[in-house]
Amino acid sequence: MDGVQQVDFGNNGIFSIDNNGIDTHLIKNSEWAALAFFTQSKYGRGTIKIRNSIAENSKYSGQSTDVATIFSSSMVEQSTTGNAYGVYDTSSQVWDCTAAYIGSGNNIHITTLFDADSKYKNIYTPTDGQTVDYSSSESVYNMFENIKDAAIWEVSTNGTASSTAWFSGRSYIGSGENLLITRGGSKNGIDSIFAFGNATGTADTSNSRSFRPVLVVNNGL
């Protein structure tokens, strides 16, 4: 087809090996940031509809596979593009865990992420001679002043508050062992795609946590 790049997937039907034109991974914080900025730009739909209750959020949680439901006006309100073809549930009662951690990663207790190839994760460390006290959320937040593509410092005024991210989103960076980055959840019913939070790698499996896989298709992946 003219204008469309053709991808050779091979003949084994396996999606989990390298060099087959398909790359699947847990969404990185940088990818979430790009999605958020795109959504807010003239190419997106602006702010995502704020849901007024957990019940309303649950009603459109993406559990339905019925095409008519997915394309309904109510479901479309949850899309980053304002139509049926955007990304859903980027601001909700549930926090999306990202493949991103702060510091060396020695204290996060997630071996799979720690050992993953660098292309599958973001590692945020001090730059320009900064000194960071990882036991202090304020110190960790200030580190992001020199990191302009993470949608942390540039979209908030505080890293230890409940509502200073853009559109009143939660803005709480972690410290200690809570140095994994979560995105898009809510605090006190306020939803924002720019919201950021934290999680621990030990046993943070509450029902307020979720994850989002990314599928990239291109030759050479």
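Select Ile102 and Tyr124: Ile102 stands opposite Tyr124 in strand E3. The model is predicted; local features need pLDDT of at least 70, side-chain atom pairs count only at pLDDT 80 or more, and totals for chains, interfaces and linings use all residues. Residues are numbered from 1 along each chain as its sequence is written, and side-chain values use heavy atoms, with hydrogens and water left out.

Strands are DSSP runs of at least two residues, labelled E, and helices are runs of at least four, labelled H or I, numbered from the N terminus. Two strands count as paired if DSSP finds at least two bridges between them.

Next, select strand E6 (residues 180–183), which pairs with E2 in the antiparallel sense over three bridges. Here Tyr101 stands opposite Leu180. Then go to strand E10 (residues 209–211), paired with E2 in the parallel sense, again over three bridges. Trp95 faces Arg209 of E10 across this pairing.

Now colour E2 (residues 95–102) by accessibility. Seven of its eight residues are buried, so E2 is largely enclosed by the rest of the structure. Buried means under 20% relative accessible area, exposed over 50%, and partly exposed in between (1.4 Å probe, protein chains only).

**The aromatic cluster**

Select Phe37, Trp166, Phe167 and Phe194, which form one aromatic cluster. Rings of Phe, Tyr and Trp (its six-membered ring) pair if their centres lie within 6.5 Å; planes under 30 degrees apart count as stacked, over 60 as edge-to-face and the rest as tilted. The whole structure holds seven aromatic pairs.

Phe37 and Trp166 are edge-to-face, at 6.1 Å centre to centre and 75 degrees between the planes. Phe37 is in helix H1 (residues 29–40) and Trp166 in the loop between strands E4 (160–165) and E5 (169–172), 129 residues apart. Phe37 is partly exposed at 30% relative accessibility, and Trp166 is partly exposed at 35%.

Trp166 also pairs edge-to-face with Phe194, at 4.9 Å and 65 degrees. Phe194 lies in the loop between strands E8 (190–191) and E9 (196–199), so this pair ties together parts that are 28 residues apart in sequence. Phe194 is buried, with a relative accessible area of 0%.

**Last stops**

Select Lys121 and Phe114: the charged end of Lys121 sits over the Phe114 ring, 5.9 Å from its centre. The criterion is NZ of Lys or CZ of Arg within 6 Å of the ring centre and within 35 degrees of the ring normal.

Finally, colour by pLDDT, the predictor's confidence in each residue, from 0 to 100. The protein has a mean pLDDT of 76, and 71% of its residues reach 70 or more.
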